[in-house]
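Please look over the model shown here before reading on.

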Amino acid sequence: MKSIEAVGLCRDYPQRGAAARRALDRLDLCVDAGEVHGLLGPNGAGKTTLIKILSTVLTPTAGEARVCGFDVVVQPREVRQRIGLVLGGERGLYTRLSGRQNIEFWAALYGYGGRAAARRVADALESVGLAQRADAAVATYSRGMKQRLHLARSLIADASVLIFDEPTIGMDPVGAASFRAIVQALRAVGKAILLATHDMDEATQLCARVSLIDKGRILAVSSPAQLVANTALSSSLVFECADRQAAEALRAADGVKGFAELDPAAHRYRCSVESDRLIPALYSRLLALGATGLTVVQPSLEDVYLEMFRDGRNA
């Protein structure tokens, strides 16, 4: 049984005086138990609509979606009992209450009470690093702390499926690293996780597979490494060169398709080429210019994303 399965999923939004806007267009998606699956795409691609359907907030116009085998339209109660949802910002939080009171409220909704609830609440707050601020009003929390409280809320029910929508937005690097460690631990015990993110490093580190979505359609599904391997993207050279004029001259060199100044103060640049075969010649030219710190950078998932969605070509 698939943890998440969508087949031919469509969602139309009526518009006054105009044809309905199609947010999802015959979308297919499959997430296995114990899989962290990334959902990547520009704003307006359909990610949030898909998440709302899977969490029973919206109904599809056509097609089917199931969570742990339960239909999101026909069996919404069963679906809600099996999902944990993490949204960005303050949505779903009661800011006048403390962090502990928020989680206690959600524990009660899931049927936990007494000592069992107190223990689960304390464990959830401890796991996301909020134990010391548990009794402070959520209104006093930073954006990153609110994100961690969302995560604690998703853990309280011991859900089989976790759906994260930009879960690390606003988190500092320490908080983001802690979140990733929690995700890896959840994956190890068989949880299925759908992760909608704009953080390509996060997707690369956590996801077994990612789906690239735009205009409500899935454009590609693969592992991050395979997506990179399947593209025609070439490597880049990162270097430092005190002679700015000489470095800038590389923009017009044969075979150079991209040039960027990464750090003006450090005279640090990045130069990408049309083919990896040109790297040795460019490397030699940079050495002759007195460049230092030369590093060959392989293409990444972020490069694939930028290439696919640059200039709104798929948006």
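What follows is a set of questions and answers on this predicted model.

Q: How many helices and strands does the secondary structure of the protein come to?
A: The C-alpha trace of this predicted protein spans about 75 × 50 × 40 Å along its principal axes. Within the protein, the secondary structure comes to eleven helices and 14 strands.

Q: What share of the residues of the protein counts as buried?
A: The accessible surface of the protein comes to about 15,500 Å², and 50% of that surface belongs to carbon and sulfur atoms. A residue is called buried when its relative accessible area is under 20%. Applied to the 315 residues of the protein, that cut-off gives a buried share of 46%.

Q: Among contacts between residues at least 6 apart in sequence, what share joins residues at least 24 apart?
A: Contact here requires heavy atoms within 4.5 Å. Among the contacts of the protein that link residues at least 6 apart in sequence, the share joining residues at least 24 apart is 67%.

Q: How many Å apart are the mean positions of the positive and negative charges of the protein?
A: The protein has 38 positive and 34 negative charges.

Q: Which residues are in contact with phenylalanine 179, leaving aside neighbours within four places in sequence?
A: Phenylalanine 179 is one of the residues that touch the most other members of the largest nonpolar core. Once neighbours within four places in sequence are left aside, the contacts of phenylalanine 179 are Leu151, Phe164, Pro167, Thr168, Met171, Leu195, Glu202 and Leu206.

Q: Why is cysteine 207 too far from the closest cysteine sulfur for a bond?
A: Cysteine 207 is buried, because its relative accessibility is 7%. A disulfide needs two cysteine sulfur atoms within 2.5 Å. The closest cysteine sulfur to that of cysteine 207 belongs to cysteine 30, and it is too far for a bond because the distance is 15 Å.

Q: Where is cysteine 68 found?
A: Most residues other than glycine have a negative phi. Cysteine 68, by contrast, has a positive phi, near 55 degrees. Its relative accessibility is 15%, so cysteine 68 counts as buried. Cysteine 68 is found in the loop between strand S4 (62–67) and strand S5 (70–71).

Q: Is aspartate 158 buried or partly exposed?
A: Aspartate 158 is found in the loop between H5 and strand S7 (161–165). Although it is not a glycine, aspartate 158 has a positive phi of about 55 degrees. Because its relative accessibility is 47%, aspartate 158 counts as partly exposed.

Q: Which residues does proline 76 touch, not counting those up to four places away in sequence?
A: Proline 76 lies in helix H2 (residues 76–80), and it counts as partly exposed because its relative accessibility is 23%. Not counting residues up to four places away in sequence, proline 76 touches Thr56 and Asp71.

Terms used
Residues are numbered from 1 along each chain as its sequence is written. This is a predicted model: local features need pLDDT of at least 70, side-chain atom pairs count only at pLDDT 80 or more; totals for chains, interfaces and linings use all residues. Side-chain values use heavy atoms; hydrogens and water are left out. Helices (H or I, at least four residues) and strands (E, at least two) are DSSP runs, numbered from the N terminus. Buried means under 20% relative accessible area, exposed over 50%, partly exposed in between (1.4 Å probe, protein chains only). Accessible areas come from the Shrake-Rupley method with a 1.4 Å probe; for residues, only the protein chains shown count as cover. Lys and Arg count as positive and Asp and Glu as negative; His and the chain ends are not counted. The place of a charge is taken as NZ of Lys, CZ of Arg, CG of Asp or CD of Glu. A nonpolar core is a set of buried Ala, Val, Leu, Ile, Met, Phe, Trp, Tyr and Cys residues joined through side-chain atoms within 4.5 Å.
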